[in-house]
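We will go from one stop to the next, with a note on what to look for at each.

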Amino acid sequence: MRTDFGWNTVTLLVLYVLSFFLLWEWLRPIDQITDTDNLSFFIIFAGLSLLLYFFEVDWRISGLIKLLYVVIVLQTLYFSVPFIGEGEWVAAFLASVWESVILTVQQDWNNVSDLYRSLLFFILLWLSTYLLHYWLAVRKQLFLFYLFTIVYVTLLDTFSPYDGTNAIIRIILFGFLLMGLLTLQRVTDQERLHQSAGQYQKWLIPLALMVAFSSVIAYAAPKSEPIWPDPVPFLQSFAGGSGSGSGVNRLGYGEDDSSLGGPFVGDETKVFEVVTNDEQYWRIETKDLYTGKGWDQSQESDGSGAAFAVGEDIPLNISDIDEESEPVTASIEVDLTYNHLVYPYAPDQVLEADADRMVVDSISEKIVSYQGEEEVELEQYEWEFREPRYSLQAMRDTTGLGDYERTGDLQRYLQLPENLPDRVRELAVEITEGEDNWYDKASAVEDYFSRNGFVYDQFDVPVPSGDQDYVDQFLFETQRGYCDNFSTSMVVLLRSVDIPARWVKGYTQGEEITRNEDGLTRYEITNNNAHSWVEVFFPEVGWVPFEPTVGFSNNVSLNYDLDLDTETETPDTPEPQEQETPETPAPLEEDTPAGGGPAGDGSLFGNMWDGIKTFVSENRFISGLIGVAFILAGVIIYRLRFRWMPYVLIYYYKSKRGDDVYPDAYSALLKQLRRYGLKRSDNQTLRSYAKEIDEFFGSREMSRLTDEYERIIYRKDDPSAKWPEMRELWEDLIKRTTG
Amino acid sequence: MYHEKLETILHNIEKVMIGKRTVAELSIVSLLAQGHILLEDVPGVGKTMMVRALAKSVGAKFTRIQFTPDLLPSDVIGVSIYNPKELTFQFRPGPIMGNIILADEINRTSPKTQSSLLEGMEEGSVTVDGVTHRLARPFFVMATQNPIEYEGTYPLPEAQLDRFLLKLKMGYPNAKEELEVLNRIQHSPPIEDLEPVITLEELQALQKEVKNIVVDDKIKQYIVDLAGSTREHPNVYLGVSPRGSIALMKAAQAYAMLHGRDYVIPDDIQFLIPYIFSHRMILKSEAKYDGIEPEDVIERIVARTRVPVQRVAK
C-alpha cells in the first residue's frame, strides 16, 4: 500500500484523476448511442479501479473488491431480491452467464443476456483501467490513449447524434495537462532528478499557463467554416437515403423543380460545347410560380407559342437591346441532346439547325425544336445574337410598374404563396429600406447574401420539411445552399417588395478549353454548369439578369458595384451603358463542387478575414489580449530560437547542393553555437574553439568539422566534396545544441 | 610525409631532455626555417644538452664556442697560418665552420667578436684575408646569453638581435622532471646512445620543402595586422620590422610542417608570435618601469586582433 505522500505522489494522484476524466469521456456518449442505462455504475467502477491502482493495493485484495462490486451491481440491477439472505439468485446469475458463454461460442450474439453484456463491459473497463495504470505508472506515456480518445469523440460527434463540442474542450484540457505532467515524470525518472516543489512550480506554472492560454485562444478565436462539408448527409443519401431529404440529386438540367433542396453530387458529364467570342450564361427557360417548396408554372404550358424557322427573326424580346452592336455568333455542339435549345440573352436568329421550325413557349420562354410535328433533339445549331446592354439610367429611374400597372400582365411575376412567413417580407423591407429605385433595391438584395455570411454548399442542404418554407429555411435557418437557394430567395424577396422577378434556368459559361486564333473561344459546358439565376423586370428595359449566388466570390460583386459607381459619375451620357450582367458576376459562381480549386481557397481566406475583422471590432479587449499574446509568443519564439533553429537549418541544408554548402553550414553552426551560449571571441582560433565545444558536449565532431573547414579556408581546398561526408557530423552536433 | 621524420627527431631529443618539448619543437622549427635561436637563461638548465641532442639526431657536426671577454674574432671564424713547408698561408677554419653551433654566453664577449659570428650567421659565409669561405650547410646557431642584468656583459645590439629567428627561455624543470633527470643521468648520460635519425641531405630537402607550405592570404594579412599593431601600440618605442613578419611566416610554415600540415593556421601564428616578436621590439622606458614585458604587449595585441575565420567575400 502507498503510504508516503510526497510531491511525486500528489502528481501521480493528479495523473490518475485526469486519466479517469479521459476514460469518462469514453463512457459519456454510451447512453446516447446505445441502449445502456445506469451508466453511473460503470463510471464508479472505473474510478474505483483506478483508485485501487493508485493506492497500489495488493492485486488479490483489489481484485476481490472489484469482483465484489461487479457482483453487487449486477445483482441489484438484474435481481430484485436482497443480496444476502436468499441464495437463489446466485444460481440464476451463474446460469445466465453460462448460457451466454455458450451462445457466445456459438456466435449467437444477439441472444446473450443483458447481465452477461454488463459483465463483459465491466471486464472491458477493468482491462482499460489496468492499461491506463500501466501507461501511467510504468510507461509514463499516454499519447496513444489520448489520441484515440480524440478520434473516438470526433467520430461519434460526426456520425452519431452525440454532440462532442464540450467533450473535445475537456479532452484538450485534461489531456494536455496529463501529458505535460507525464513528461515531467518521465524526464525526472530518466535523469534521476530529485523532485522538489520548486521544480514542480517551474514546470507546472508554464504548463498550466500554456494550456489555459491556448485553450482560451482556441475557444475565443473565430473559426472558419469547415472546408469539407459535413459528410453525414452526403453519406446517408449516398447510401440510399435513409436520412432526411429526398436523396442526393444529380446535377444537370431537369424539368421538375417543384421540390427543391437536398444535397447533390457533381457531375462532369458534358452537355454541349460552344464556340463563341465571349463568356455568357445560356438560358433555357423561366418559371414564375413559387410554391413554398419549389418552382412551377402558373399556367400549364401547352406547347403553343410563336414559331420561327432558321434564318427568321426570333419572336422573343427579353430586353431592349442596342441595335447598333455587332452581331456575334455561337455554334453549339450538343453531347447530351434535349428537345430544347440553349440560347444567349439577345438572340437574333438561328443560323443553322436541323429543324424546320422552333417554337418559343409563351409561358416559359423555352425554345423547342420541331421536325414536322415531332419534337427533335438537335445535335448542332448556331446562333446569331447581340451582346445585351442595359441602360443603368433607365433602371435607376424605375420606381414602379408605370404603364404595366394597369395591364396586369406582370401579376404572375409578383405572386407569392399565402403562407409565406412574415419575416421574409420584413427582411425584404429591411434590406431595401435605404434604396429608392428598383435597380438599387435589386442590387441590395443581390448583395445581401454575400454580406451576411451565407455559405455556398452543395451537400449540407436540407429539404424543407412539413409546412416549412424553402426560402424561409434558407434565409433564417441554414443560410447555406447552392444556386437554387440563392436565386429563389432573391426572387421571393424582390416580389415581397413588389418588384416583378422570375426564376431562370440554364447554364453558366462553362470551362474554357481552347482559344482560336480568330478570337473565338471554345467552352465546354457540363452538368456541373447547370445553374439558376434571377431576372428582374424594368418597364423601360425589360428583363435584366441578376446573380445572387455567393459561395465563391464576393469580390466580384464588389467590382461589379464599383463599375456601376464610375458609370453613374457621368450622368449626362444618356446612351445605354454597358453592363454585361451575366458575365461579370459569373466566373466564380458556377455550380462546381465546393471545397476544391483556387477560387474556393481565395474566398475562404476572404471569409476568414471578414470573420476576423468583425470579431476584432466586437471584442476589442479580447483582441487586444490576443494581440499581446501573439507578440509575447513571438518574443518567446525568438528568444528560444536556438531550440528550433537547428531543425530549420538541418532541413534547409539537407537538400542544398553546391560549392559553398559546407562553409555556409559551418558558419551557421558557429552562429547556432553562439545562440546556444558558447560564444567564440574574435581572437580565438577555430581550433581552440572547437576543442572547447567538444569538451563541453563530450563530442569529437566539432574538431573534425573544424579540421575540414580549416582546410577550406586556409588551404583553399575544394569545399564541394566535403559536405556529403561532413553532413552527418554537422547534424549530430547541431542537434546537440537543442538540448 | 616528412612529419614522421620530424617526429622521430623530437622523440630523440625527448629521450635526453625531459619536459622540454616546446623548446625542442621550436629548435626544430628554427632548424627547418634556417633561422637561429637565442636562448636566454641561466647556466645549467640543459642548453648544451639540447643542442647536442639535436645535432646528434640529424647527424650534424656539432661545435661549441665558449665566449669569453678575451675571445678574438679569429678564434671564431678561423685564421690563416703560414706554412713554412709549403711557403703559403693556410686557412685553419674556426669553430663557426660546423653545422650546429652552440655559441655559449654570447654576451660575455666583446661586440667585435660578437659581430664576427653574427655576420657569419647573416651572410652564410666568412671572409679571412680576402678569401671568402662558405659556411657549412645546414648552418644552425643556438646562442645563449645570460640574463642581461648580470655584471660584465655586452648586451647584443637591437639590430643584431633581429638576426635570431626565435628567442626563448629554457626555464627550470619542475620537481618531478628534475627527479627524472637525476634518475636518467645516474648511470650513463643518455646522450651518448643517441643515433642519427635523419641525414643532412634529408634535412636540407625538408628545409626546401618548408617553403611549399601553404600560407593563405588571410594568414598573411593576420601576420601583417599583428606586426602593424606592435608599431602602433602605445607602450612600444620600436615595433616589429617587416623582417619580423617574414620570420613569423617562415617559422609558421616550419611549425605547420612539424605538425603534419601543409598549410598554416592561425593557431600556428598565435603559438609562435611571442618567441618571434618579443626580441624584435623595444618598449618605452615608462612601460619598462611599470614592469611591462614585450610578451605582455604581444599578448594584448593578439587578444585584440581578429582571427580570420571566414572566407573572403567574393
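How many residues of chain B are in contact with chain A, and how many of chain A with chain B? Select both sides: 23 residues of chain B are in contact with 21 residues of chain A, where contact means heavy atoms within 4.5 Å.

Before moving on, a word on conventions. This is a predicted model, in which local features need pLDDT of at least 70 and side-chain atom pairs count only at pLDDT 80 or more, while totals for chains, interfaces and linings use all residues. Residues are numbered from 1 along each chain as its sequence is written, chains are lettered from A and ligands numbered from 1 in the order in which they are written, and side-chain values use heavy atoms, with hydrogens and water left out.

**Stop 1: the interface.** Keep both sides selected. The area buried between chain B and chain A is about 1800 Å², with 46% given by carbon and sulfur atoms; buried area is the accessible area (1.4 Å probe) that two parts lose on being put together, summed over both.

Stop 2: Zoom in on B:Asp262 and A:Arg715, a salt bridge whose closest N and O atoms are 2.5 Å apart. In chain B, α9 (217–232), α11 (266–277) and α13 (294–304) each supply at least two residues of the side that touches chain A; helices are DSSP runs (H or I, at least four residues), numbered from the N terminus.

**Stop 3: B:Asp216.** Select the loop between α8 (200–210) and α9 of chain B, where B:Asp216 is found. Is B:Asp216 buried or exposed? B:Asp216 is buried, with a relative accessible area of 3% (buried means under 20%, exposed over 50%, partly exposed in between, with a 1.4 Å probe and protein chains only). Show side chains: a polar contact of 2.6 Å joins B:Asp216 to A:Lys716, and another of 2.8 Å joins B:Asp216 to B:Lys218. A polar contact is a pair of N or O atoms within 3.5 Å; within protein, one must be able to donate a hydrogen and the other to accept it, and residues adjacent in sequence count only if both atoms are side-chain atoms.

**Stop 4: α11(B).** Colour its buried residues, among them B:Ile269, B:Leu272, B:Ile273 and B:Ile276.

Note on methods:
Salt bridge = Lys/Arg side-chain N within 4 Å of Asp/Glu carboxyl O.
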